[in-house]
Protein chains: 4
Amino acid sequence: MDQLLNKIIEENRYLTELGKVADYIPALSKANANDIGLCFIDKEDNIHKSGCHNSKFTIQSISKVLTLILAIMDNGIDKVLDKVGLEGTDEPFNSFVKLDLPNIKKPANPLINSGAIVVTSLIKGDDFIRFQRIIDLAKFITNNNEIGFNEDVYNSEKATGSRNRAMAYLMSNKGIIDGDVEGILDTYFKQCSIEMDVVDLARIGKFISGGCKGLQVPTINNNELTILLKGILLACGMYDSSSRYAIEVGIPTKSGVSGGLMGVVPANRGIGIYSPSLDTHGNSMAGLGIIKALSRKLNLSIFNC
Amino acid sequence: MDQLLNKIIEENRYLTELGKVADYIPALSKANANDIGLCFIDKEDNIHKSGCHNSKFTIQSISKVLTLILAIMDNGIDKVLDKVGLEGTDEPFNSFVKLDLPNIKKPANPLINSGAIVVTSLIKGDDFIRFQRIIDLAKFITNNNEIGFNEDVYNSEKATGSRNRAMAYLMSNKGIIDGDVEGILDTYFKQCSIEMDVVDLARIGKFISGGCKGLQVPTINNNELTILLKGILLACGMYDSSSRYAIEVGIPTKSGVSGGLMGVVPANRGIGIYSPSLDTHGNSMAGLGIIKALSRKLNLSIFNC
Amino acid sequence: MDQLLNKIIEENRYLTELGKVADYIPALSKANANDIGLCFIDKEDNIHKSGCHNSKFTIQSISKVLTLILAIMDNGIDKVLDKVGLEGTDEPFNSFVKLDLPNIKKPANPLINSGAIVVTSLIKGDDFIRFQRIIDLAKFITNNNEIGFNEDVYNSEKATGSRNRAMAYLMSNKGIIDGDVEGILDTYFKQCSIEMDVVDLARIGKFISGGCKGLQVPTINNNELTILLKGILLACGMYDSSSRYAIEVGIPTKSGVSGGLMGVVPANRGIGIYSPSLDTHGNSMAGLGIIKALSRKLNLSIFNC
Amino acid sequence: MDQLLNKIIEENRYLTELGKVADYIPALSKANANDIGLCFIDKEDNIHKSGCHNSKFTIQSISKVLTLILAIMDNGIDKVLDKVGLEGTDEPFNSFVKLDLPNIKKPANPLINSGAIVVTSLIKGDDFIRFQRIIDLAKFITNNNEIGFNEDVYNSEKATGSRNRAMAYLMSNKGIIDGDVEGILDTYFKQCSIEMDVVDLARIGKFISGGCKGLQVPTINNNELTILLKGILLACGMYDSSSRYAIEVGIPTKSGVSGGLMGVVPANRGIGIYSPSLDTHGNSMAGLGIIKALSRKLNLSIFNC
């Protein structure tokens, strides 16, 4: 297996040259475009690693999965779906072309930026508690107590996040989010700055695939939560290329603009990938090549069922 | 099992009152809004039927799956994807708001009307041969040689199909379809008018789930075709409610405005449903309730994997 | 004056190199890109001509002014405005991005293609009579009985008009136009193919400026018709660059993709220009430079009032 | 004349019942829906007043004309047009559906909210100086040294202006505005809160009509500035109903959501109207009826030229 991972990394390394490291957050642009890290955790909990699997990076949009879990735990799924949709979208992750149309009452889904800001606003607690609970959930799921957040990236996001700020003020204006906009944004920028490595990401994938065991979710059972999260990830996890990715890869996955991919592999398995060179949708270029190859070689697509 | 089917039908019958039979094709509007037919074919090929399972109806958009298979057989998947995308869309099935945007080079996917008209244009043969091949494929897959098409519905569609006609002329103008627009439309209106019952639909679902056995597909193997079709159906099969349906039901499915649902159930199984009262997206209202209930009761969602 | 016209033509001749002759109608693409013809008719009916003022060309969209006058004569202004708006638009002349939005009930205005097709459908008479009446009006206004239409251009438009055809079928589908779509389109393609020279165009401009004398308009007086036409031309006459043109030139004007410009100059004057090299909006490139220069040199802008 | 004004007010008073006072700024919602004030200043500087012409109100969007003049004085027209367009728009005044489209580089025109925020950012000076210069210009033009701003309305706008705030952050993100977003917004909210009566508004209209005498405009002469302002007002002054208004009324006008109308009447005349009950475009309902009646009765439309 480890040989296979090494081989797949090498076969896809050329892709790092074709993409571009995110540069709209200055602190992200410092990443090494050629880095590739990969971790696959199998059913029996064997951890297979390859490449720079020790590199830490901020998880960015992958944090939206954590906040979605917390918001469902706090409010029940129905209340969350009062505020965000379950619709795919053909708009980029950070677009608000649609959001201001008169017939649009909520963001398309919880995994685009606007939807994720709403989800963060639904987590119970003040700003301090909210973020504490997000990072505690990250520690619980990954079983890694050393997870923290990167203050440089957080400050950089906060200073340059005028697009997310615009989106939040628009949603405040439309009554989609309540409360202090700047406080919600602060939590959002912090959650994006949580740092992990690919082993942590693969653990999140395996945790969801395995049934979200150990979470206290008042309104639905943990198996239903798993099915729901897998569905949302498959339908919406890769921004506006979610449909194509679902068809071609078939693994419920969330990407982040730092170059991370967190894959929920059927049958209690998980994948974590890191490679910061991105395609135009904001997804890791080599990461996509690698997970596609893994899906084919190891029959990981849910459409094999 | 048959008792379960009966029970689920009864529990969802009230939904037929909440929807509306399609009225934009006069011949369709004559359908009995309260009809519900259901067929489930299991792994061992047992056929479970309930309700008015003998009713015949035109398959409408479900025919898009047949033409997609033929177009892939004739051209290979790559050439088909030169002409239609694999993107989800938040526009209705018959919209062309997007199609005329300067940066849009092809329809979003092969299962919205514009994409399906393109797919039909890619099938080899003249107009007569094209339709012959579509209906022959229908007979082959369902193993039912009596399948024909409804001439009244066909004439009604042809006389009132100004929206599809507009779409086809726009695509001709943009160079997306070649050849005689009226001839392509004629085939398209005919394929929509093919008549089946729910057993035939369930057979199509089981055929795809079971690996598309017996088809000669030059460029990909039949298992890859199966994975591809299941992916496309899950991502795009239910028009603009595809994402929500994928998450909530998890069965690759195609709907038609006559009220049919054709479900590709994991593990070599198939579902056919007929109930002509529709929701605002053009999907069968009671059909949705029934397939959702079946998915939960029998754990049919692919997200159970 | 004649010297001034010659000088302005020469100063703007370089612009013919920067634009492009319309090529989507094959018969139009044969025009000589460097031709410039100009005619200014003053208050006292002196005709000032310069350049190739004898060249004949099809009037294309300028015909929309003639059909608008007929439709108002036949139906009254209120009935016409039931079917087309008086709104500016930022979409190109032949777009239908907007036309399919659910909240859009009619084309933005009578001078974009979709609106003009509706206007043609409102003229009384069968297809033969309709066109006869349009060309009779052209003869009356220009006082030129030799005006006819170019059969080559008409056939070329008809054969390649799939975009206008698409638009008409969509409007038929939405109930905006009644009657035989192909017949209405036939009249529309014919009216676009009416041939004139710049003197004829200037006469149309002067006719409108001078109060539309001699027309029988049942519902409004001729002076009100003049004010209305001037307003519509200023607000909508130059497609999606109407606002900028209104501000910079200030002369109610209609352009055509053959390169014609018909200007309604305040105080009973008219301008006709022909130069077939177009900008990206479909307006004559040198024509725009010339009329802007004329407006400044001779204080022709209505904003001088 | 005064009798005519009284009569026209009475004939249009019923319209105050059909509209709605702006309620999105709490301090505005306190206005008396039935108030109507009217002032017409003629060529010879006779001031004709009727209704509650002493009522003071905040000028809201009418302030955009003042800031546009200052921005042109400070930067020249070309630099201003680098940052805002001269295009009409069919979107509401406060929309940003368009603003986030990839091909849109600047707001449509200087009189919609997004464009006006940009214009404010172009005025030279720090935040304090900027506002000082705006109010000084208001005093100069109206020859009224007592003009001030309403601190309650300003505070109310600032507290509830999340839509304008969103728009400004989006434009900051897109590089359309430079500098401190909150400071620019503060000036913008203040300029909207400048208080006047209808006589002051009519003086602004007459000032522009009369040639903007006394202003020091480095790059164009004052007559050109007048022509430019009249063109921009006619094409863009009434939000998305500008075209219809231009055609039906023909007076370059700017409206504000407090219910003010400032009309630039040809031949050195001006109109000021106040009536806070608004139509769905945000224009004064009775105000529209009154100015339309005045235009017809007194032949004020520029299309009479």
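**Chains, sheet and helices**

Mentor: Chain C can be laid on chain D by a turn of 180° and a shift of 0.0 Å along the axis, with an RMSD of 0.0 Å. Copies are superposed by least squares on the C-alpha atoms of residues with pLDDT of at least 70 in both. That is the relation of a two-fold axis.

Trainee: What should I know about the model and its labels?
Mentor: The model is predicted, so local features need pLDDT of at least 70 and side-chain atom pairs count only at pLDDT 80 or more, while totals for chains, interfaces and linings use all residues. Residues are numbered from 1 along each chain as its sequence is written, and chains are lettered from A and ligands numbered from 1 in the order in which they are written.

Trainee: How many residues does the contact take from chain C and from chain D?
Mentor: It takes 27 residues from chain C and 27 residues from chain D. Contact means C-beta atoms, placed from the backbone, within 7 Å.

Trainee: Which element gives the largest share of chain C's side?
Mentor: α11(C), with 8 residues. Helices are DSSP runs of H or I, at least four residues, and strands are runs of E, at least two, numbered from the N terminus.

Trainee: And by class?
Mentor: Chain C's side has 15 nonpolar, 8 polar and 4 charged residues. Ala, Val, Leu, Ile, Met, Phe, Trp, Tyr, Cys and Pro count as nonpolar, Asp, Glu, Lys and Arg as charged, and the others, Gly among them, as polar.

Trainee: Why do the copies meet through the same surface?
Mentor: Because 100% of the interface residues of chain C are also interface residues in chain D.

Trainee: New topic. What is the strand order of the sheet in chain A?
Mentor: β3-β2-β8-β7-β6, an open sheet of 5 strands with antiparallel pairing. Strands pair if DSSP finds at least two bridges between them.

Trainee: Which strands stand at the edges?
Mentor: β3 (47–51) and β6 (253–255) of chain A. Each has a single partner strand, so one side of each lacks a neighbour in the sheet. Strand β2 (residues 37–41) of chain A pairs with β3(A) over 5 bridges.

Trainee: Over to chain B. At what angle do α4 and α8 pack?
Mentor: Helix α4 (residues 113–122) and helix α8 (residues 181–192) of chain B pack at about 110°, axes 9 Å apart. Axes are lines fitted to C-alpha atoms, for helices over the stretch in contact, and angles run from 0 to 180 degrees between N-to-C directions.

Trainee: Which residues of α4(B) meet α8(B)?
Mentor: B:I117, B:T120 and B:S121. They meet B:I184, B:T187, B:Y188 and B:Q191.

Note on methods. Contact = placed C-beta atoms within 7 Å.
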